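Subject: Structure for you to look at

Hello,

Here is the structure I promised to pass on. Please open it alongside this email; my notes follow below.

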Amino acid sequence: MTALDTTAVEPDARPATGLSATLKHARHVVTGNPITGFSFTLFILLVVCALFGPFLVPYDPLATNTAVALKPPSLHHLMGTDQLGRDLLSRVIVATRLDMAVAVFSVALVFVLGGISGIAAGYFGGWTDRLVGRLSDTIMAFPLFVLAMGIVAALGNTVTNIIIATTIINYPLYVRIARAEANVRRNAGFVQAARLSGNGEIRILLTQILPIILPIMMVQMSLTMGYAILNAAGLSFIGLGVRPPTPEWGIMVAEGAAFIVSGEWWIALFPGLALMLAVFCFNLLGDGLRDIVDPQRRT
Amino acid sequence: MRSIVLKRLATAIPSLVGVIVISFLLTRVLPGDTASYFAGPAATPQAIAEVRKQLGLDKSLPEQFARYVVDLAHGDLGNSLTTGQPVVTEIANRLPASGELTLLGLLFALGIAVPLGILAAIREGSWIDHLCRVIVTTGVSLPVFFTGLLLVYLFYFRLGWSPAPLGRLDVFYSAPPQVTGFYLIDSLIARDFETFRAALAQLILPAATLAIFSLAPLSRITRGSMLAVMGSDFVRTARASGLTPKTVILTYAFRNAMLPVITTLGMVFSFLLGANVLVEKVFAWPGIGSYAVEALIASDYAPVQGFVLAMAILYVALNLMIDLLYGVIDPRVRLEA
């Protein structure tokens, strides 16, 4: 907040352009609120683990070594080992890529599909609106996780289908937001001006409506990333999508679940903690971004 | 009042139709051969042909849909391959277990979230407000199966306060004579307090897991709507008229603030019914969620489809009830209709 105030009082402060503006805005976002700063750090850590995970880890995440099976955390194995003697730290780090990829792909997909159909529904109204509305109402008539289970069961038990299922269950949310934002602007002054100067409807949608809605949709992306990760991990926890021995947080918690009752807590705890932190990170990041993009909805 | 109920029932019909169409489509989009999928992994070509005929897959799509609807109307969801039982019977047998768990979880959550949200709103900025915020932020980030496992580790393995997380009753007890299917209520009807205590001991951890999960949205909405109501004109008038803070908060503000909370219940139920599946797996709870998970792993498709359909119909019914409840609490809705 303070960064914004100082720029406002400087008499000859000109709006910075290009890269410097982006950097300045990023600094403002990160330093404005310590919690957002913290979640941003966490986000960087997640990205690094996702990109370079396999090169950073001390052990092969798939290498079994029964001599050190079920060992609690120690200096050699910071997170301990599982029932096959695999190093949990390595597995947790390597799993980041898969978990993040599922979330990123499904959120990107729903951003495009839900965003476009929502904007079209709000802008054109009429049958487009009814069609899109009916579709998302039908999806919302299901308990969402249950629908995701049904979709994955029907389409086949693969990671791609987990992405598709997560996309479908998030679809109504994106449609609703994009629709509402496009609807209030369909006859705004600048839209009418654009129309009057001879722009086609599609062109107005892309050049006038879309850029305004984009920031709000970005916030939504960050918020649903967390939900997408949870959803995918939940599906793999019940045995859908990812197959062992692939490292993935949900399935690792499921593998550790059997050992909780006999006291081997570390097998389930660390992947669960990683999962929690990732979701936490995106939720905080989303809240922080929303405070900046849309201060009225601040809670 | 009756016309409102009827009118609302009519609005549930499109959702129901949508649910049935989607669940029909889900069986038809199976990659590869639906019949061989339904027949199971170890079926002979004859068995597959038999299943194809039985399912009517040799007919046209509209014909298949008509047949599907007729079967549904007769309560026929097919048979489970692994147990050989009709899916409807198994779901009906297991539904009370899930229902008891979900309702108790929701009750726990409401019992904590509503007072917490109200206190956070009337003491805005105090420690209880911060506590509320922490619960809201961490609550939505916690994977429900992870919370369940943590509770098992803490209360079963470490402290030994809780029985082993294996189903609805310890092996030493027998189920109370069935009236409602809810062990807590049935054991009370049978005046068997020992069984009641045992059933409750098994229920507390899974129900608490579900409660922690749904605490976040409920307390967030309670706090938000309470804050909005406390700032409104009629509360100011009530205060200015010299009513006690207790009357203002509980009689004036609370009733109005409950409306958005009840609306959110629909969303909370959507989460709860999904989370139920995960919690049932963690606690080996013999409900419909674990039935579906077992069937999923065995590639036994009919129970999964029956489960998705049953859950969706249940959810539509719950939303209907929430809307009707809304009318009871808010007379304005009744007037409009």
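Predicted model: local features only at pLDDT ≥ 70, side-chain atom pairs only at ≥ 80, totals over all residues.

In α5(B), the residues B:Val87, B:Val88, B:Glu90 and B:Ile91 meet α13(B). Their partners there are B:Ala302, B:Pro303, B:Gly306, B:Phe307 and B:Ala310.

Helix α5 of chain B covers residues 87-122, and helix α13 of chain B covers residues 301-329. They pack at an angle of about 55 degrees. Their axes are 10 Å apart. Because of that angle, α5(B) counts as oblique to α13(B). The crossing of α5(B) past α13(B) is right-handed.

Next, the contact between the chains. Chain A puts in 38 residues and chain B puts in 42 residues. On the side of chain A that touches chain B, five helices each supply at least two residues: α5 (126-140), α6 (144-155), α9 (201-237), α10 (249-260) and α11 (266-293). Which helix gives the most to that side? It is α6(A), with 10 residues. The side of chain A that touches chain B has 27 nonpolar, 10 polar and 1 charged residues.

One more spot in chain B. Helix α10 of chain B spans residues 233-240 and has 8 residues. The number buried is 0, so α10(B) lies largely in the open. Just after α10(B) comes B:Gly242, with a positive phi of about 85 degrees.

Best wishes

Notes
Residues numbered from 1 in each chain as written. Chains lettered and ligands numbered in written order. Axes fitted to C-alpha atoms, helices over the stretch in contact; angles between N-to-C directions. Helix = DSSP H or I, 4+ residues; strand = E, 2+ residues; numbered from the N terminus. Parallel < 35°, antiparallel > 145°, perpendicular 65-115°, else oblique. Left-handed = near helix turned anticlockwise from the far one by under 90°. Contact = placed C-beta atoms within 7 Å. Buried ≥ 20, exposed ≤ 12 C-beta atoms within 10 Å, placed from the backbone. Nonpolar A, V, L, I, M, F, W, Y, C, P; charged D, E, K, R; others polar.
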